[in-house]
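Here are my notes on the model, point by point. Please read them with the structure open.

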Amino acid sequence: MTLMAKRILIGVTGGIAAYKTPELVRRLRDQGAEVRVVLTAGGAQFVAPLALQAVAGHPVYTHRFEPAGSGMEHIELARWADAVVIAPASADFLAKLAHGLADDLLSTLCLASATPLWVAPAMNQQMWRATAVQANVATLRARGVGFVGPASGAQACGEVGVGRMSEPGEIVSAVADSFGVPVLAGRRVLITAGPTREAIDPVRYISNRSSGKMGYALAAAAVRGGAQVSLVSGPAALDAPANVKFTRVNTARQMYDAVLAQVGECDIFVAAAAVADYRPAQIATKKIKKNAETLSLSLVRNPDILRVVAARAAPPFCVGFAAETDAVEAHALRKLQDKKLDMIIANAVGEGLHTGFESDQNAVVVVWAEGRREFATMPKTTLAQALMTMIAEHYAAKNPA
Ligand code: PMT
C-alpha cells in the first residue's frame, strides 16, 4: 500500500506522545505523502514547531489566523487534505471533536473538513477509561472517525494500561490501507444510488426512504481504490463524491437509460439504488383533486436495471443489494440466483432499525455462489471500504490478469 501523492494533514495536540509525531511525519513522507502539520498550543508544549517543520519540509501552522495568511487557513487546509490525522489526540481534543467545538485552527478545520478523519489517542489509562471519554469515543466512531489505538503498556506517568499512542508505523499502515484497494486501479466501476421518483401528477410521486448514503460511500471508496467511477443517482440530498462522473436522474426509466448508456464500458456494476419496481400507468397532467372518497392508481412494472445488465452477452461483474424486511438472507440468495449475479449484499430494512435506509450505519450479509460473509453494524463509509475491497478481490479472482 502506498501513500504516493496523498495529502495528509497531521494535527498535533498536547501530550507527551507528541515526541513521536516527527517520526510519523517522516514515515508518511517516505511513503510518498505530502504532509502539512497543524500544532495546537498544547501540542507546542511537547514538540517544537521547528522539529516538525524540518521533517514536513513545510512551515507548521499554529494559529487560526496566521499574521501573513488569508484568514481562511482552516478552509484551505480542510480542502487541501485527503485525510486528517490527529496524533496524538488528547482527551480534551476528542471532547472538542465530539461536541463540535471550534476554538483553534485544528478544531475549526476538522469541522470544515469532509475528508476522512483519523485519531491516535494518547492519555493516562484512567482518563482513557473515563465514562466521558468513552462516550466521546463512541460518538466519534459512530460518525465514522477512524481510531488507531491506543495501545497498552507502560505510560509516561508510571502507570500501566491502555492509553499509549500507537507507534508511527501502525498509524501509517492504517491510513494507507484506508486509501484503498490497489486491484481497483484502472478498473471502471458503475454504481447506482438513491431512490427513484415516479410521478403521479405534477406535484406528487411514489418513492422510498433511500438517502443515497450507501451508494455514495461505495463510490467514494471505489475512487480511493483507484477506480474510474461513474455514479448514477436518484434524488438525494448529498454532494457528489469527488472525482466521480455523476449523473443525476429522477425516474427508474431515466436510471435505466443512464446505466445502459455506460455499462458497456464498465468492469464492475454495483446496484445500490432502491429503484421503484412500479410506476403509475398514467401521469396526470394536472394536480389530482380530492373529489372522490377513494382513489385507485394503476401501476405498471419498471425495467429491472440489474437483471438487464446481468443478462448482457458480456456482463460486467454484477453486485446487487437486497433490502428486505424478513428472511433477509433467503430472499437475497434467491435474487442472486434469479438475477444471475456475482454477489449480493443483503441488508435488513424497516421500522425501528438504525441501519439500512437513511441511517449513517449499516449491517449486511454478503452472499455469493460459494459463500457468505457478515459485516456487523458500522458506519456506511467504513463498510463501503470493506465491501469495495471484497468486490475487488472477487472481481480479480474471476478475471485473472
Ligand atoms: O440509500 P441509503 O439510505 O443509504 O440506504 C441504502 C439501501 C438500503 C437503499 C441499500 O443498502 C440497498 O439495499 N439498496 C437496494 C434496495 C433495493 O431496491 O433492493 P431490492 O431488493 O428491491 O432490489 C434488488 C436489486 O435490484 C438492487 O440491487 C436494486 O438496485 C436492483 N434493482 C431493483 C429494481 C429495479 N427495477 N432495478 C434494479 O436495478
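1. A term for later: buried means under 20% relative accessible area, exposed over 50%, and partly exposed in between (1.4 Å probe, protein chains only). By that scale Glu-358 is partly exposed, with a relative accessible area of 42%. Ala-327 is partly exposed too, at 44% relative accessibility.

2. Ground rules. This is a predicted model, in which local features need pLDDT of at least 70 and side-chain atom pairs count only at pLDDT 80 or more, while totals for chains, interfaces and linings use all residues. Residues are numbered from 1 along each chain as its sequence is written, and side-chain values use heavy atoms, with hydrogens and water left out.

3. Ligand shell. The ligand is surrounded by 28 residues, counted as near when one of their heavy atoms lies within 4 Å of it. The closest are Ser-210, Ser-211, Ala-273, Lys-335 and Asn-347. By class, the shell has 13 nonpolar, 7 polar and 8 charged residues. Here Ala, Val, Leu, Ile, Met, Phe, Trp, Tyr, Cys and Pro count as nonpolar, Asp, Glu, Lys and Arg as charged, and the others, Gly among them, as polar.

4. Which elements each supply at least two residues of the shell around the ligand? They are α10 (213-224), α12 (305-310) and β16 (317-324). β16 gives the most, with 5 residues. Helices (H or I, at least four residues) and strands (E, at least two) are DSSP runs, numbered from the N terminus.

5. A ligand oxygen lies 2.9 Å from a polar backbone atom of Leu-306. For Lys-213, the distance from a ligand oxygen to a polar backbone atom is 3.3 Å. For Ala-323, it is 3.3 Å. The protein covers 95% of the 770 Å² of accessible area that the ligand has on its own (Shrake-Rupley method, 1.4 Å probe).

6. Cis peptides. Pro-88 is in strand β3 (residues 83-89). Another cis bond joins Gly-149 and Pro-150, with omega about 10°. Pro-150 sits in the loop between β5 (146-147) and β6 (151-154).

7. Positive phi. Most residues other than glycine have a negative phi, and most peptide bonds are trans. Ala-327 has a positive phi of about 40°. Its place is the loop between β16 and α13 (328-338). Glu-358 has a positive phi of about 70°. Glu-358 is in the loop between β17 (343-348) and β18 (361-368).

Key
Polar contact = N/O pair within 3.5 Å; in protein donor to acceptor, adjacent residues only side chain to side chain.
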